[in-house]
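Trainee: I would like to learn how to read the features of a model such as this one. Please take me through them one by one.

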Amino acid sequence: MDYDFKAIEKKWQKRWEEKKIFEVKESKKKKFYILEMFPYPSASGLHMGHAFNYVVGDRYARFKRMNGFNVLYPMGYDSLGLPAENAAIKAGIHPREYTEKSIENFIRQQKELGLSYDWSRIIKTSTPDYYKWDQWIFLKMYEKGLAYRKKAPVNWCPKCNTVLANEQVHNGKCWRHEDTKIETRYLEQWFFRITDYAEELNDKIGDLKNWTEDVKAMQKNWIGKSYGTEIYFEINGKKWPIFTTRPDTIFGVTFMVISAQHPELMDLVTKKQKKEVERFLKKIKSTSKKDMEELEKEGVFTGAYAINPVNKEKIPVWVGNFVIADYGSGMVMAVPAHDQRDFEFAEKYKLPVKIVIEPINYDIYERKGQIPRAYSGEGNLVNSGKFSGVNNEKAKKEITKYLSKRKLGKKAVQYKLRDWLVSRQRYWGTPIPMVYCDKCGIVPVPEKDLPVKLPEKVKFGKGNPLETVKDFVNVKCPNCGRKAKRETDTMDTFVNSSWYFLRYCDPKNKKKIFDKEKVKYWMPIDQYIGGKEHACMHLIYFRFYTKFLRDLGLLDFDEPALNLFNQGMLHGEDGYVMSKSRGNVVLPEEVSAKYGIDTARLFLVSMASPDKDIDWSDKGIQGSLRFIKKIIDYFSRVKIDKADVRTESKLNKVILEITEYLNNFKYNLAVIKLRELFEVLPEKTSKEVLGDFLKLLSPFCPHIAEELWEKLGCKNFLSLEKWPKADKKKIKKIFEKQEQAIDKLISDINHIFKLVSGKNKIYVYILPNEKELYDIGLLNKKFGKQINIFTVNDKSKYDPSNMSKKVKPGRPAIYLE
């Protein structure tokens, strides 16, 4: 046959689009909302690594649609951000033009993959119709005290020329530019008070029943809830609340460490130590807590002293590169005898070590009374005044009670999660809707004046391009009407992606962010699909936004997604993750021209479970191509007749298995079962059997399945047909036993063929009571060669080597010649 895959693909893509068969509205049907994390539309377009992600979702959407659900499966583009701006500057065109061209290319490629999106709901975050609502949310956060501005030490990427959030700094370098070291700068910045939701974000992780355990663990660790005690140390007459999880070690504090980024640091530094501290601060390269944990611990003495509230000892205050400025008070108490980090710091700078916990069952001391390393285990307190001799776990409570009673401290809970820095000093982002007036101060733009649009004419060069646009910057104060200046920072693009899933429910609404009733019908997301690398950025931010919008009364649920699936990565033939920069990408257009896109869709899920990494292989895709050609050839010659009992039994069993596998994203196992079913389809069978086979094939190879469905004489779109239901009464166990026995026998024969050569005749000997397990017709069809079978009591059997005497129950004997 002539396999014109391209023509078949175009035919059905055109028909699906013309009839708008994947567009949906709210109805009485049970809904199912499936969503992949929307992409940033790069100019280079999609490669098969991207396609792998999308076909994982499309297969699930098609399956759920055929199971009677009202499936919302939309697509949009995360189209603001630095990559587009930098690429546009390089290409010498406006970021808007660059982005629109990129989106056009993405849409074309995604349609060519046969993805069943509801294209009527498309959103682009770079359009004023979308980012108007980013600004509206910002104003609501400002009203509620969740959006605020402060001077803070920030991570600055000199290549991006902008600030990065802590989550965007990886190993002291920019997440986009792995060769660029981060600098620390002090700037007035806008923040979202995500820490107000820290407790709920942490405590509700347990409700995310169908999220992967590693993502939940990463979020738990990132939020970092700790129970402890806040102890008040006095420095220069001011009380500093110091958080610790180890109040039992309060008598062992020998120095304090303040963060190098603390806004009040220089107030503590004495004149004598000022130059040394300033030299030290110039060495600091990142405010990321992950980097602080991994950097070599360094510091200098500030010249200041703190007073320990329990024994009034004077304790030197150091500045260090490992303390987070906005964790607790930005200062920690150091107990080198019982904390390894503090111990190493003390050894490095010759600071005193004071033992206050002694192990119960063994001796950790050397002869001179020093310890070789910090002891952080259980024991009894020593050198701790009235608490000496008390077990340290009990002492935690007693010392906290003692401090609380004297108003020297209290019980406390702390989180590692920091407020979200959302200011960016670049053009291609959502303008922050705030104005600065000399008389009125910071003034929000009135809602009626939204959106604050990005100006079209800008100059790109050094610094923030918006600062150069006078018509944009110079405005009247919304309060007093006097001259004022507009905020020139734009928002972090993670803002855009923190609520986009809600806009899909009502994408064309110009009066409201969305219709509450429409969102109530579609939300929460039933199945979210995306990489686990987003665990501590997008997947926390969109949970935060959901809770904030709920608290505004717009939502009636707590979490945005019920189920989360993390897909694997596609590797090129060189073994590395497929990427343009590596030069190992395979383009969908090339695959479609050579093999057909359905072949690629099938191959991508045949190799392994979709949550695992897989390798692209031309040899592997050839196997998928052969299978599809076999299916097409079979349907061109099969005769319509009554279905036999064996075929119906196998079909109904496979329907059960594939349904379960698709529900659980076990696509590779579903493909195995589909192949098994195809192998036993006879040359004559019923139209119902053939139709059910095509329904099972449809989520994997939608174009080929639609084409064969039409040739079968069916008029409706296969994509909208009902998923086949298994009739368990038609499943016969004897046929399953036969299949298992035959598959095992074929495996044994193939094994023997590998051990010997020059043989082409096959003789098999079985026990009489197992004769019904070895259907000779099915055996020969599966193996592809003539096999001669004899029972051991057959007097006319051919058995020159007496192999029949070696037969055992369930273990036939085999003779080759």
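Trainee: Which residue forms a salt bridge with K140, and how far apart are the closest N and O atoms?

Mentor: A salt bridge here is a side-chain nitrogen of Lys or Arg within 4 Å of a carboxyl oxygen of Asp or Glu. This is a predicted model, and in it K140 pairs with E143, with 3.7 Å between the closest N and O atoms.

Trainee: Where do K140 and E143 lie?

Mentor: Both are in helix 5, which covers residues 128-143. They are three residues apart, about one turn of the helix.

Trainee: Is K140 buried or exposed? And is E143 buried or exposed?

Mentor: Residues under 20% relative accessible area are buried, and those over 50% are exposed. K140 counts as buried because its relative accessibility is 15%. E143 counts as exposed because its value is 53%.

Trainee: How many salt bridges does a search of the whole structure find?

Mentor: The search gives 58. One of the pairs is K11 with E707, where the closest N and O atoms are 3.0 Å apart. This pair links distant parts of the chain: K11 belongs to helix 1 (residues 5-19) and E707 to helix 23 (residues 702-711), 696 residues apart.

Trainee: Which residue forms a salt bridge with E559?

Mentor: The partner is R543, and the closest N and O atoms are 2.8 Å apart. E559 is in the loop between helix 16 (538-551) and strand 27 (564-565), while R543 is in helix 16, 16 residues apart from E559. Both residues of the pair are buried.

Trainee: Let us turn to helices. Which residues of helix 7 are buried?

Mentor: Helix 7 runs over residues 213-223, and its buried residues are V215, K216, Q219, W222 and I223. They lie on the same side of helix 7, because they cover an arc of only 125 degrees around the axis. The residue that follows helix 7 is G224, with a positive phi near 60 degrees.

Trainee: Which residues other than glycine have a positive phi?

Mentor: K20 is one case, with phi near 50 degrees. K20 sits in the loop between helix 1 and strand 1 (31-36), and K20 counts as exposed because its relative accessibility is 52%. K407 is another case, with phi near 60 degrees. K407 occupies the loop between helix 12 and strand 18 (409-414). With a relative accessible area of 65%, K407 is exposed.

Trainee: Now the backbone. Which residue does a cis peptide bond join to P524?

Mentor: Omega is the angle to read. The bond joins M523 and P524, with omega about 0 degrees. P524 is in the loop between helix 15 (516-522) and strand 26 (527-529). The peptide bond from L450 to P451 is also cis, with omega near 5 degrees. P451 is in the loop between strand 22 (441-444) and helix 13 (470-473).

Trainee: Finally, the whole chain. How many helices and strands does the chain have?

Mentor: There are 25 helices and 34 strands. The C-alpha atoms fill a box of roughly 110 × 75 × 50 Å along the principal axes. Of the 817 residues in the chain, 57% are buried.

Definitions and conventions:
Residues numbered from 1 in each chain as written. Predicted model: local features only at pLDDT ≥ 70, side-chain atom pairs only at ≥ 80, totals over all residues. Heavy atoms only, no water. Buried < 20%, exposed > 50% of the residue type's maximum accessible area, 1.4 Å probe, protein only. Helix = DSSP H or I, 4+ residues; strand = E, 2+ residues; numbered from the N terminus. Arc of directions from axis to C-beta.
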